[in-house]
Amino acid sequence: MFCLPVPPGNGHSWLRGAIVLVFSLTLIAGLLLWGPGVEAAAAIALSQQPSTEVKVLMGTETGELKFVPNQLQLAANTRYKLVLSNPSPQKHYFTAKDFADAVWTQKVEAGNVEIKGAIHELELKPGAKAEWFFVTLKPGSYGLRCTIAGHTEAGMIGNIRISDQTS
C-alpha cells in the first residue's frame with residue numbers, strides 16, 4: 001500500500017492542494033490527448049506543406065450563372081489553395097457552409113487583405129479574385145451554391161467532394 005506523507009501542521013490543506021494538482025494534471029492531459037485541439041494541431045502541421053492549387057471561376061464573362069468547374073474532387077488531410085475569380089459583370093457568392101465546417105481554414109487573401117478564422121461564404125464582386133488556403137479534414141460530399149436571389153435557381157450550384165484518400 002502506498003501512503004503520501006502528511007507534513008506537520010494542518011494536513012487537510014496539503015491534501016486539498018494535492019487533490020487539486022492531480023485533478024488539474026488529469027484535465028490537462030485529457031484535453032491534450034482527446035480534445036478538439038488534436039485535429040487542429042494536425043491541420044496546423046499540414047498547413048506547413050506545399051498547397052495544391054484549384055481554380056474556380058464564379059460566373060463567366062458573358063454573364064452565365066455557373067461555377068467553372070462545378071464539381072471539385074479533393075483529398076482528405078491535404079493543404080489546398082482555392083483560387084476564386086469572378087470574370088462576370090455581377091457579384092457572386094461562394095457559399096458552402098458544410099464544406100467550410102469540414103476544413104481548417106488557414107487564411108483567405110483578397111487584394112491587400114488577409115482574413116483568418118472560420119469562413120462560410122465569400123462574396124466576389126465583378127473582376128475580383130480571392131485565394132482560400134485550407135486543409136481538408138472530414139471526408140464527405142458538400143453542396144456549393146451562389147445565394148444571390150435567382151442564381152441558385154439558374155444553375156449556379158456545384159458539389160465539393162473530399163475523399164478519404166490523400167493525394
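Rings of Phe, Tyr and Trp (the six-membered ring in the case of Trp) are taken as a pair if their centres lie within 6.5 Å, with planes under 30 degrees apart counted as stacked, over 60 as edge-to-face and the rest as tilted. By this criterion, a search of the whole structure returns seven aromatic pairs. One of them joins Phe67 and Phe94 edge-to-face, at 5.9 Å centre to centre and with 85 degrees between the planes. Phe67 belongs to strand E2 and Phe94 to strand E5 (residues 92–95), so this pair ties together parts that are 27 residues apart in sequence. Strands (E, at least two residues) are DSSP runs, numbered from the N terminus. Phe67 is buried, at a relative accessible area of 3%, and Phe94 is buried too, at 1%; buried means under 20% relative accessible area (1.4 Å probe, protein chains only). Both rings belong to one aromatic cluster, together with Tyr80, Phe99, Trp132, Phe134 and Tyr142.

The structure is a predicted model, in which local features need pLDDT of at least 70 and side-chain atom pairs count only at pLDDT 80 or more, while totals for chains, interfaces and linings use all residues. Residues are numbered from 1 along each chain as its sequence is written, and side-chain values use heavy atoms, without hydrogens and water. The mean pLDDT (the predictor's confidence in each residue, from 0 to 100) is 82 for the chain, and 72% of its residues reach 70 or more. Residues 17–36 fall below 50, and this stretch has four contacts in the model beyond near neighbours in sequence, a contact being heavy atoms within 4.5 Å.

Turning to the sheet, six strands form an open arrangement in the order E2-E1-E4-E9-E6-E7, with mixed pairing. Strands E2 (67–68) and E7 (113–115) stand at the edges with a single partner strand each, so one side of each has no neighbour in the sheet.

Beyond four places in sequence, Leu82 touches residues including Val54, Phe94, Trp132 and Glu131. Glu131 itself is found in strand E9 (residues 129–136) and is buried, with a relative accessible area of 17%.

Methods:
Helix = DSSP H or I, 4+ residues; strand = E, 2+ residues; numbered from the N terminus. Buried < 20%, exposed > 50% of the residue type's maximum accessible area, 1.4 Å probe, protein only. Pairing = 2+ DSSP bridges.
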